[in-house]
Amino acid sequence: MSNQAKKDQTQELIKETAKNLFFVKGKFDATTQEIADAAGVNRTLINYYFRSRDNLIQIVFNEAQKVEQEKSKVIQNSDLPFKEKMAQFIEHSLTTSLQYPYLETYIVSQINKGNCHQKDIEEDELNKLYVDIKKEMELGNIEKMEPIQFVLNMISLLVFPSAVRPLLMENLMISEEEFDRIISERKEIILNILFKN
C-alpha cells in the first residue's frame, strides 16, 4: 500500500470513528483523545489530518447534513403518488435512524452551538409539498389541517423516538436490539396515523 493510500485510509478511519461516536453512540463532546483512542491512532494524527477538532467536527457536521438532504430528495425527486412518496421518505428516514440513532440530535446540538445549517429543502419545493398535501386533504386521504401540521406530525413521529432514545430505553426498560426492532416496525404505524386510507 502506498503512503498516500495509508494516509487516506487513516484519515477516513478517524472521520468514520468520529461519526460513530457522534451519530451512533451520541457522544457529542468526545475529545480529540477519545476519538483517537476509539480509532486506535495517535492523537496528533487528528491535528495532522484535520488541523483541529473543530475542523473535524465541521467535516462530520457537513456529512450529517448530506445524509439529511438525501432524505429530502426522496420527496423532491419522485413522481410517485403522494402516499407512496411519503412511504419511501418514512422508510428512508427510519433506516437512517437505525444506522445513525443520534444524527438529528447531533445536528440540532450543532445548530444550537451556532454552526451553520443549510436547508434540507428549498422554499419552492416546500410550497410544492404543501400543495400536494392540500390536494390529498381535498381527496379525503388526509385529515384536514394546515399543511405544516401534517409535516410536523410526520417529522415528530419519525424523529422523536430516536431523539430521546436513551430516555425511552431506560424508562421503558428496552434493550438496544428491542428498540431497533420497534423503530424498524414504525413505517406502517406512521402511515396509518398520517393517512385515512
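Okay, so let's start with a definition: a residue is buried when its relative accessible area is under 20%, exposed when that is over 50%, and partly exposed in between, using a 1.4 Å probe and protein chains only. By that cut-off Leu191 is buried, at 4%.

Before I go on, this is a predicted model, where local features need pLDDT of at least 70 and side-chain atom pairs count only at pLDDT 80 or more, while totals for chains, interfaces and linings use all residues. Residues are numbered from 1 along each chain as its sequence is written, and side-chain values use heavy atoms, with hydrogens and water left out.

Back to Leu191, which sits in helix α11, residues 186-194; helices here are DSSP runs of H or I, at least four residues, numbered from the N terminus. What is Leu191 in contact with, leaving aside neighbours within four places in sequence? Lys83, Ala87 and Ile90, where contact means heavy atoms within 4.5 Å.

Now the cores. A nonpolar core is a set of buried Ala, Val, Leu, Ile, Met, Phe, Trp, Tyr and Cys residues joined through side-chain atoms within 4.5 Å. The largest one has 26 residues, and Phe82, Met86, Ile90, Ile133, Phe150, Leu194 and Phe195 have the most contacts inside it. Helices α4, α5 (82-99), α7, α8 (147-163), α10 (176-184) and α11 each give two or more residues, with α5 giving the largest share, six. Take Phe150: not counting residues up to four places away in sequence, Phe150 touches Phe82, Met86, Ile133, Met137, Ile142, Met145, Leu194 and Phe195. There's also a second, separate core of 24 residues, including Ile14, Leu21, Phe23 and Phe61.

Over to Thr32, in helix α2, residues 32-39. Buried or exposed? Thr32 is buried, with a relative accessible area of 13%. Beyond its neighbours within four places in sequence, Thr32 contacts Arg43, Ile46 and Arg53.

Helix α7 gives the most, four residues.
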